[in-house]
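Here is my note on the model, point by point. Please read it with the structure open.

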Amino acid sequence: MRILMVGAGAIGGYFGCRLIEGGRDVTFLVRQKRKAQLEERGLVIQSVNGDSTVHPALLLAGEKATPFDVIMLSPKAYQLDDVINDIAPYVGEDTMIIPLLNGIAHMQPLQERFGADKVLGGLCFIETTLNADGDIIQTSKAHRLAFGEWNGGTSERVERLYEYVKVANASFELSNNIQQEAWQKYLFITMLSGITTLMNAAVGPIRDSPFGIELTKQLTEECVSVMIAIGAPISPQMVDHVMETFKQQGYKMKSSMLRDMEKRLPIEGEHLQGYLLRLAEQQGIETPMIRIVYNNVRIYEQKRESTF
């Protein structure tokens, strides 16, 4: 099988490198600057799961290549429109597209452009970042990537893909209910990014603050109420589950959105909190905490835009 990994950043670069280590056929679709960096240094991982350096096949958007069997997407949500146009020439009749983006909002535009049958569900759990040299730094053991048919169950094509990728030094998993897993991750990411950016703090100080747990639970309850109202595969019991997970996080744990804010980078507020707020408004549900969180990320974006 031929896999096209869109992006060679902290996520796509990590999982793509692990597949190449296992002898799998992976090409990276990258921008010119990243291409030059990788040609000079190679794709480097510094990880608690084992260091690695590979010299992968690289492709620039617009360069000719035959369609790929699998295309994995790992961009930020605000890059999605460009990515959809970039990958279009490489999508064939039997191509499987696996988005690894946070949230849910990306599914509709992908399905509309390429057809629902081509777009699988996907998600990953990993803490990675790029250093100044473009090397991938991973300090925690988790490196899980799950995928599956969006409507559930299994199929010959996803089982064949699983057999191909499971050799990698990473946890590639075939899910029979990827849509539920995606909504559960969306819930946790929206809550975590929302509360940490609102408080401008890691998890520990929020837990220790006078109303930190109370406000975090209120935000979680609002997210769950909206998801239930639209028929998402989320149960009321998820509030307690998410809160327990929040309490178990490391003291210094920060959401990726907060880390991006600290670096003055673009963020995914529209894709996460904004999308959920629009769903709430459609259902006539009052969500004061989500509105406060969303307003905070919008102010950040306005301030950031005014300085560039």
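1. Start at Thr 128. This residue is buried, at a relative accessible area of 13%; buried means under 20%, exposed over 50% and partly exposed in between, with a 1.4 Å probe and protein chains only. Thr 128 belongs to strand β8, residues 121-130. Strands here are DSSP runs of E with at least two residues, helices are runs of H or I with at least four, and both are numbered from the N terminus.

2. A word on the basis. The model is predicted, so local features need pLDDT of at least 70 and side-chain atom pairs pLDDT 80 or more, while totals for chains, interfaces and linings use all residues. Numbering runs from 1 along each chain as its sequence is written, and side-chain values use heavy atoms, with hydrogens and water left out.

3. What surrounds Thr 128, neighbours within four places in sequence aside? The contacts are Ala 10, Ile 11, Tyr 14, Ile 136, Ile 137 and Gln 138, where contact means heavy atoms within 4.5 Å. A polar atom of the Thr 128 side chain lies 2.9 Å from the backbone oxygen of Ala 10.

4. Next, helix α1. Residues 12-21 make up this helix, and 8 of the 10 are buried. The buried set is Gly 12, Gly 13, Tyr 14, Phe 15, Gly 16, Cys 17, Arg 18 and Leu 19. Just after α1, Gly 23 has a positive phi of about 85°.

5. How many aromatic pairs does the structure hold? There are 5. Rings of Phe, Tyr and Trp (its six-membered ring) pair if their centres lie within 6.5 Å; planes under 30 degrees apart are stacked, over 60 edge-to-face, and the rest tilted. Phe 15 and Phe 172 are edge-to-face, because their planes stand at 80°, with the centres 5.7 Å apart. Phe 15 is in helix α1 and Phe 172 in strand β10 (residues 171-174), so this pair ties together parts 157 residues apart in sequence. Both partners are buried: Phe 15 at 0% relative accessibility, Phe 172 at a relative accessible area of 4%.

6. Another pair joins Phe 68 and Tyr 90, edge-to-face, at 6.3 Å centre to centre and 80° between the planes. Phe 68 sits in strand β6 (residues 68-73), whereas Tyr 90 is in the loop between α3 (80-87) and β7 (91-99), so the pair ties together parts 22 residues apart in sequence. Phe 68 is buried, at a relative accessible area of 4%. Tyr 90 is buried too, at 1%.

7. Ring pairs also build a cluster: Tyr 14, Phe 15 and Phe 172. Tyr 14 is among the contacts of Thr 128.

8. Two arginines deserve a look. Arg 2 has its charged end over the ring of Phe 68, 4.1 Å from the centre. Arg 24 lies over the face of Tyr 164, 4.6 Å from the ring centre. The test asks for NZ of Lys or CZ of Arg within 6 Å of the ring centre and within 35 degrees of the ring normal.

9. Last, the cysteines. The structure holds 0 disulfides; a disulfide is a pair of cysteine sulfur atoms within 2.5 Å. Cys 223 is in no disulfide either, with the nearest cysteine sulfur, that of Cys 124, at 20 Å. Cys 124 is buried, with a relative accessible area of 4%. Cys 223 is buried at 0% relative accessibility.

How values were computed:
Polar contact = N/O pair within 3.5 Å; in protein donor to acceptor, adjacent residues only side chain to side chain.
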